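Let's take a walk through a protein model together. Have the sequence and the 3D view open, and look up each part as we reach it.

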Amino acid sequence: TTFHDKICRSPKTELHVHIEGALTPELMFHLAKRNNVKLPYNSADELRAAYSFTNLQSFLDICGVGVSVLITSRDFYDVTMDYIQHAVSDNIVHSELFFDPQLHTHRGIELTTIIDGIERALIEAEQKYNFSSKLIMCFLRHLDEQDALDTFSRALPLFEQYKHRLIGIGLDSTEQNHPPEEFQRLFARAREHHLRVVAHAGEEGPPLYVKQALDILKVERIDHGVRSVEDELLMKRLVDVKIPLTICPLSNIKLKVFDDMKKHSLKQLLDSSVMLTINSDDPAYFGGYLNANYLAVTDAFHLNQNDIYKIIRNGFEASFIEEEKRQLLI
Ligand code: ADE
Ligand code: ZN
């Protein structure tokens, strides 16, 4: 078997994937029909043709249109199950999935509708495919902290009800001009409730935002963090304290964080011994699920077996799997 086959067949984790970003054009049109929602595109192909992004915001705008078809608990089940099918065929054995409740509650969808649908799919995946998973509730940084705090308060009973699944919070959406420090109270409250904490930082934003996420939000992992290479002291800190980065190579190319894969900072991060992982972010929008991301960086940087095994192993070590279970998966 070839090296590519070996990579594809290896059991892997995925620690950075958004459920809303797993909504394929085909499922979007299917759900639009089922729910009588009018989409501003005539077909899945026409929609796909609109997926040429100039930056993060241009993607978030289109993604916002897509989520309007998600209405019932069954819709959230369907999009989660669609992702699980892809994940299982990429030999993912454990995923930590983000969802953005504010994208839905602000359209009048109940929190329980969202989580019930997602949870049904995750339980079925566990039974059918032995697929392990956790859920992380993400907050939109383009909205203010009060909106996040209100959503968090309303979600508190769900963190209790689903405590073995819904284990933490994250921070996503427009990064520029929305520094982590604006969400200090939200993250303090989450930590008081013993939740795991992560944040997107250093994707489009400066290394300063990565430092704020660590110092002020006290996050355990950085989502993206690819601009950390611009700050030598920060790089040393990431290595010394072993802060995992969840890197999404194809996303960074599609959203023009780097012009092409050869210019991605992943190689420099790897050579500096930063604990990085590879993930798909919004696979239905960025042209590839997890294996495609692994293969793209393997080819761009001529990574060898040691590099890949190290990255795969990092994924298990950086995951929020219970310690007893982690030993069984590695
Ligand atoms: N929401 C979905 N994908 C995202 C990304 N790459 N950055 C910020 N917010 C997101
Ligand atoms: Zn993301």
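A word on the ground rules. This is a predicted model, in which local features need pLDDT of at least 70 and side-chain atom pairs count only at pLDDT 80 or more, while totals for chains, interfaces and linings use all residues. Residues are numbered from 1 along each chain as its sequence is written, and chains are lettered from A and ligands numbered from 1 in the order in which they are written.

## The sheet

Two strands pair if DSSP finds at least two bridges between them.

In which order do the 8 strands of the open sheet lie? The order is β1-β2-β3-β4-β5-β6-β7-β8, and the pairing is parallel. At the edges you'll find β1 and β8 (276–278), each of which pairs on one side only. Ignoring direction, neighbouring strands are turned by 25 degrees against each other on average; that angle is taken between axes, which are lines fitted to C-alpha atoms (for helices over the stretch in contact), with angles running from 0 to 180 degrees between N-to-C directions.

| Strands | Bridges | One residue pair |
|---|---|---|
| β1 and β2 | 5 bridges | Thr-13 and His-94 |
| β3 and β4 | 6 bridges | Phe-139 and Leu-171 |
| β4 and β5 | 2 bridges | Gly-168 and Arg-196 |

Although β1 is an edge strand, 7 of its 7 residues are buried, so β1 is largely enclosed by the rest of the structure. Strand β5 (196–201) is mostly covered too, with 5 of its 6 residues buried.

Now look at α5, residues 73–89. Its 17 residues should span 24 Å at 1.5 Å a residue, and its end C-alpha atoms are 25 Å apart, which agrees. (The expected span is 1.5 Å times one less than the number of residues.)

Which residues of α5 are buried? They are Asp-75, Phe-76, Val-79, Thr-80, Tyr-83, Ile-84 and Ala-87. An α-helix has 3.6 residues a turn, so residues three or four places apart point the same way. Among the elements that cover the buried residues of α5 are β1 (12–18), α2 (25–34), β2 (92–99) and α7 (111–129). Contact here means C-beta atoms, placed from the backbone, within 7 Å. Just after α5 comes Asn-91, with a positive phi of about 60 degrees.

Helix α2 has its own buried residues: Pro-25, Leu-27, Met-28, Phe-29 and Leu-31. Their cover includes α3 (44–49), α4 (56–66) and α5. After α2 comes Asn-36, whose phi is positive as well, near 55 degrees.

## Residues in loops

Lys-242 sits in the loop between α11 (232–240) and β7 (245–247). Its phi is positive, about 55 degrees, although Lys-242 is not a glycine. Is Lys-242 buried or exposed? Lys-242 is exposed, because 12 other C-beta atoms lie within 10 Å.

Ile-216 belongs to the loop between α10 (207–215) and β6 (221–224). With 17 other C-beta atoms within 10 Å, Ile-216 is partly exposed. Leaving out residues up to four places away in sequence, Ile-216 touches Pro-180, Glu-181 and Gln-184. From Ile-216 to Phe-29 the distance is 42 Å, C-alpha to C-alpha, and the two are 187 residues apart in sequence.

Ser-173 is in the loop between β4 and α9 (184–192). Its phi is positive, near 80 degrees. Ser-173 is buried, because 20 other C-beta atoms lie within 10 Å.

Ser-173 is also one of the residues around ligand 1, along with His-18, Gly-21, Leu-56, Asp-172, His-200, Glu-203, Ser-251, Asp-281 and Asp-282. To be near the ligand, a residue needs its C-beta atom, placed from the backbone, within 6 Å of it.

What is the make-up of this shell in nonpolar, polar and charged residues? The shell has 1 nonpolar, 5 polar and 4 charged residues. Here Ala, Val, Leu, Ile, Met, Phe, Trp, Tyr, Cys and Pro count as nonpolar, Asp, Glu, Lys and Arg as charged, and the others, Gly among them, as polar.

Methods: Helix = DSSP H or I, 4+ residues; strand = E, 2+ residues; numbered from the N terminus. Contact = placed C-beta atoms within 7 Å.
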